[in-house]
Amino acid sequence: MTLLVRILASAAAGVLLFLSFPPRTLWFLAPVAIALVVLTLTLPGRDGRTPGLRAGALLGAVFGLGFFLPLLPWIGEYVGPVPWIALSVAESVFLALFGVLVVLVARLPFAPLWIAAAWSATEWLRSTVPFGGFPWGRLAFGQSESVLLPIAAVGGAPLLSFAVALIGTALAAVVTAAPGRSRRSAGRRRTVAVGLIVLIAVPAVGLALRPTLAGPTDGDRTVVVAAIQGSVPRLGLDFNAQRRQVLDNHVRETLRLADEVDAGRSPRPDVVVWPENASDVDPTRDRTAADEISAASVRIGAPILVGAVLANADGTSTNSVLVWDGAAGPGERHDKKIVQPFGEYLPYRSFFRLFSSYADSAGNFVPGSGDGVVHLPDAGASGEADAVALAVGVATCYEVAFDRAPAEAVAAGAQILAVPTNNATFGDTEMTYQQLAMSRVRAVEHSRTVVVAATSGVSAIVAPDGTVTSRTALFDADHLVATVGVRSTLTPATTWGARVEALLVIVGAAAAVVGAVRTVRRRREPGPGPNKND
């Protein structure tokens, strides 16, 4: 296999991985993509040599570009191609590291296991650095329709990603040891046997776990939730130039739902979720905005979770969700803790403005604190006279991509999850579907109903088993109402997910160290050897 062929195969593997992500339902292409890139990194060429460290980095980077470039064009929807390409290149650096790790561990016993752990370590690293990391494109987030999805309830998104990677590495091992490549030995037969067991056993685990997942109304009791999608006057970065209109749209849609409730066509909700940026007019400072929201809450007869931008005395802003309960006004609030670099704030602003005139469009938001849980009174679907507090975990838009945001909220007592989001700045792209898939993984991971409320779509109600029970279309003013179960039990993933990831990262790093030591020793041995890395 020549270097050119390896490069082309690595790029093709990246494209296959992209095709496995929503809105397509080709989740099974993900392990095929992993298998293909592993083969390009491990198969010997005609000279008997396998790729060395530099070639591994090159092939991993090409794989990354083949994946991230088609996955992330929404980044540049209204700001041009430079940020999109720059982010794709930056993320591809991590997959270049993956290529190096594969080269280091490929000759160790049980290599498929170490390669899959190396993938987990790479995902953790790029979800952590720089600027807090960027978890978009994790293998787990392409598996919302997969038979593997229930594995998320056991070990969270990290274990789900590892499962996908392990299937891919096992498939590569089977192909490498398959008949026709060389005379089959006992070792090759064992490799094929173990690989086939993995290919059968991991999906079987997912299928076996499926019946254990909670249904839409399973739980301690039920409540009625509503998601409001008011839509926006126009798309793009300047959608919020008509901030009052965006607020009015969400008030209007809430009143339309109230009319349906009064007419008996819809149950009265116990909680109404508005999207992120539903009120970019600060309702704690603007009396007119406060009166509008209060009137809507009184009319619908339920507290509203209002996504609002709040101005701070020092000139900064917080991206907040307020519990607005009728005429009483705002109560508890969640200030977004994981703010988006280059969007909600700009690190090194004076430097990055040299590359794009849109740099100064970035906000000046500061992160909040707390556990992500807000409490609100709730009579429950059965209408008891004594109100029972409902604990809602909030992961605002970008936060849903990070494991710690929903995990902290559920561990702190969240009984349902809300994901208020604003996708109007990304137009008619795949971004909203990619993000919805994350919410589906979070629902299974923590066995919680997830209410997704988006300004312009797609809004959805996601059951604890990951199914979307109802959803809106893009760019429509609409609302969703559903009776859902309130749950308080914790999944193994909620309790152990972070530890599972830490273990996988340690295993991957340890295997890399062992592989590096062996590589150094081989290079010190006399003679080229037919299978030495170049």
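## Packing of α6 and α13

Helices α6 and α13 cross with right-handed geometry. The model is a predicted one. By class, the residues in the contact of α6 with α13 are 10 nonpolar, three polar and one charged.

The two helices span residues 152–176 (α6) and 492–524 (α13), and they pack with their axes 7 Å apart at an angle of about 30°. Because angles under 35 degrees count as roughly parallel, α6 is roughly parallel to α13. On the α6 side, the contact is made by Ala-152, Ala-153, Val-154, Gly-155, Gly-156, Pro-158, Leu-159 and Phe-162. These meet Pro-492, Ala-493, Gly-497, Val-500, Glu-501 and Leu-504 in α13.

## Packing of α1 and α2

Helix α1 covers residues 3–19 and helix α2 covers residues 29–42; their axes lie 8 Å apart, at an angle of about 165°. Since angles over 145 degrees count as roughly antiparallel, α1 is roughly antiparallel to α2. The crossing of this pair, α1 and α2, is left-handed.

From α1, the contact takes in Arg-6, Ala-9, Ser-10, Ala-12, Ala-13, Leu-16, Leu-17 and Leu-19. From α2, the contributors are Leu-29, Ala-30, Val-32, Ala-33, Leu-36, Val-37, Leu-39 and Thr-40. Sorted by class, the contact of α1 with α2 has 13 nonpolar residues, two polar and one charged.

## Cavities

The model has six cavities of 30 Å³ or more. The volume of the largest cavity is about 60 Å³.

Seven of the lining residues of the largest cavity are nonpolar and two are polar, with no charged residues.

## Backbone features in loops

Two cis peptide bonds can be described. One joins Val-129 and Pro-130, with omega about -15°; Pro-130 sits in the loop between α5 (111–126) and α6. Another joins Gly-457 and Val-458, with omega about 0°. Val-458 belongs to the loop between β9 (450–454) and β10 (460–462).

Ser-447 is not a glycine, yet its phi is positive, at about 55°. This residue, Ser-447, is placed in the loop between α12 (431–446) and β9.

Terms used
Residues are numbered from 1 along each chain as its sequence is written. This is a predicted model: local features need pLDDT of at least 70, side-chain atom pairs count only at pLDDT 80 or more; totals for chains, interfaces and linings use all residues. Side-chain values use heavy atoms; hydrogens and water are left out. Axes are lines fitted to C-alpha atoms, for helices over the stretch in contact, and angles run from 0 to 180 degrees between N-to-C directions. Helices (H or I, at least four residues) and strands (E, at least two) are DSSP runs, numbered from the N terminus. Angles under 35 degrees count as roughly parallel, over 145 as roughly antiparallel, 65 to 115 as roughly perpendicular and the rest as oblique. A crossing is left-handed if the near helix is turned anticlockwise from the far one by less than a right angle, and right-handed if clockwise. Contact means heavy atoms within 4.5 Å. Ala, Val, Leu, Ile, Met, Phe, Trp, Tyr, Cys and Pro count as nonpolar, Asp, Glu, Lys and Arg as charged, and the others, Gly among them, as polar. On a 1 Å grid over the protein atoms alone, a cavity is a set of points where a 1.4 Å probe fits but cannot get out, and a pocket is an open set with protein on both sides within 12 Å along at least five of seven lines; lining residues have an atom within 4 Å of a point. Grid points are joined across faces, edges and corners, and a volume is the space filled by probe spheres set on the points.
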